[in-house]
Amino acid sequence: MFRKHKKLKIFSILGVLIGLSILVNLPILPNYIEGPGTAPNLKHVVSIPNHSDKYKGKFMFTTVSESQASVVTYLLAKFNPHEEIESIGDVTGNQDQQSYLNLQNIYMESAINNAVYNAFKAAHKEVSLSYRGIYVLDVDSKSNFYKHVKVGDLIVSLNHHQFKNSADFRKYVQTKKIGDKMTLTVYRNGKEIQITKKLYKLAGTDKAGIGIILQDDNQVSTSLPINVNPGAVGGPSAGLMFTLQIYQQLSGKNIRKSQNIAGTGTIDDQGNVGEIGGIDKKIIAARDAGAKYFLAPYVKPTKEVLKYEDQHMTNYQMAVKTARKYAPNMKVIPVTSFKDALNKLAKIKGM
């Protein structure tokens with residue numbers, strides 16, 4: 001009888017310990033852990049028939065990992081210099097999960113389209129960019145359209161007026177008055193929806209507005225078939241590296257000099273490179289992937305710019321600081337545009 005009770009007690013204790021172990025590892029905390037992600041080889045991402053990348057070395061785009069925190073990962077992040085603990089709202093911009101995912105997919109699609117357009121133009125291949133509509137990136141919670149317009153909606157018209165770009169859309173709204181009724185026509189999940197609400201007063205101004213952050217939806221058409229498949233990665237920050245990889249394959253030139261080159265940065269349809277988030281973590285991802293060079297977006301660090309920058313450092317400044325401490329053998333190269341990146345790459349030493 002005593003042995004049975006002893007065994008039962010042991011099993012009970014084991015059960016409690018197993019239960020606690022499972023509980024502390026479940027991602028249930030209202031926080032996200034951000035840390036270094038991966039640095040995928042773009043040879044496996046970009047596919048252009050009869051235009052393969054035959055040179056040594058690789059271009060890599062870099063990512064930041066994001067995962068909901070468990071008790072264990074939360075505590076570990078406290079002692080990891082490369083990880084940060086963020087609230088879910090800070091990561092998603094206070095959007096619901098589906099809206100956040102829609103936004104990341106929009107950013108990625110735009111990055112790919114702009115990359116293809118810039119690379120084909122530079123390689124003197126036939127390419128065109130056509131306007132399809134305007135994507136909704138965010139909606140002000142004070143707007144009368146809030147909860148009616150969703151992130152990822154494609155705006156087709158306003159008061160049955162169609163526009164050539166988001167700039168014309170904004171100009172039209174600015175001709176209206178606070179309280180004017182506006183009918184917004186959007187496509188959502190393949191269905192056309194009409195939403196009629198009043199314009200509200202934009203914060204800090206006397207102007208009327210809808211309260212929507214917009215991005216043009218452009219469709220790229222090329223003379224050659226091309227497929228860019230980054231997998232489950234979202235966001236706009238791989239734009240520059242996509243452009244370089246596509247151009248290398250189209251031109252047949254060894255623009256990376258057979259080196260391992262990582263980097264990050266958005267790209268617009270004019271080839272301008274823009275800043276991104278988490279560049280310190282991307283430096284670590286690049287180091288771990290064996291990168292010798294890292295291309296970082298550059299903006300002039302004026303007082304006004306630094307006031308709004310993360311940790312009051314530009315992307316380039318933070319990249320240099322992180323590399324100096326954790327990746328001293330990796331050189332950080334500042335770039336402002338696709339053309340600038342090509343010029344900088346032409347100056348590096350080949351293998």
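In helix α10, which spans residues 338-345, the residues Phe 338, Asp 340, Ala 341 and Leu 345 are buried (buried means under 20% relative accessible area, exposed over 50% and partly exposed in between, with a 1.4 Å probe and protein chains only). Because these residues cover an arc of only 155° around the axis, they lie on the same side of α10, the arc being that of the directions from the helix axis to the C-beta atoms. Helices (H or I, at least four residues) and strands (E, at least two) are DSSP runs, numbered from the N terminus.

The model is predicted, so that local features need pLDDT of at least 70 and side-chain atom pairs count only at pLDDT 80 or more, whereas totals for chains, interfaces and linings use all residues. Residues are numbered from 1 along each chain as its sequence is written, and side-chain values use heavy atoms, with hydrogens and water left out.

Helix α6 (residues 239-251) packs with α10 at an angle of about 60°, and their axes are 10 Å apart; axes are lines fitted to C-alpha atoms, for helices over the stretch in contact, and angles run from 0 to 180 degrees between N-to-C directions. This angle makes α6 oblique to α10, since angles under 35 degrees count as roughly parallel, over 145 as roughly antiparallel, 65 to 115 as roughly perpendicular and the rest as oblique. On the α6 side the contact is made by Leu 240, Thr 243, Leu 244 and Tyr 247, and on the α10 side by Phe 338, Ala 341, Leu 342 and Leu 345, where contact means heavy atoms within 4.5 Å. By class, the contact of α6 with α10 has 7 nonpolar, 1 polar and no charged residues (Ala, Val, Leu, Ile, Met, Phe, Trp, Tyr, Cys and Pro count as nonpolar, Asp, Glu, Lys and Arg as charged, and the others, Gly among them, as polar).

Helix α4 (residues 97-122) also packs with α6, at an angle of about 35° and with the axes 8 Å apart. The contact of α4 with α6 divides into 12 nonpolar, 3 polar and no charged residues.

Two strand residues were also examined. Thr 185, in strand β8 (residues 181-188), counts as buried because its relative accessibility is 4%. Leaving aside neighbours within four places in sequence, the contacts of Thr 185 include Leu 154, Val 156 and Ile 193. Asn 31 lies in strand β1 (residues 31-36) and is buried, with a relative accessible area of 18%.
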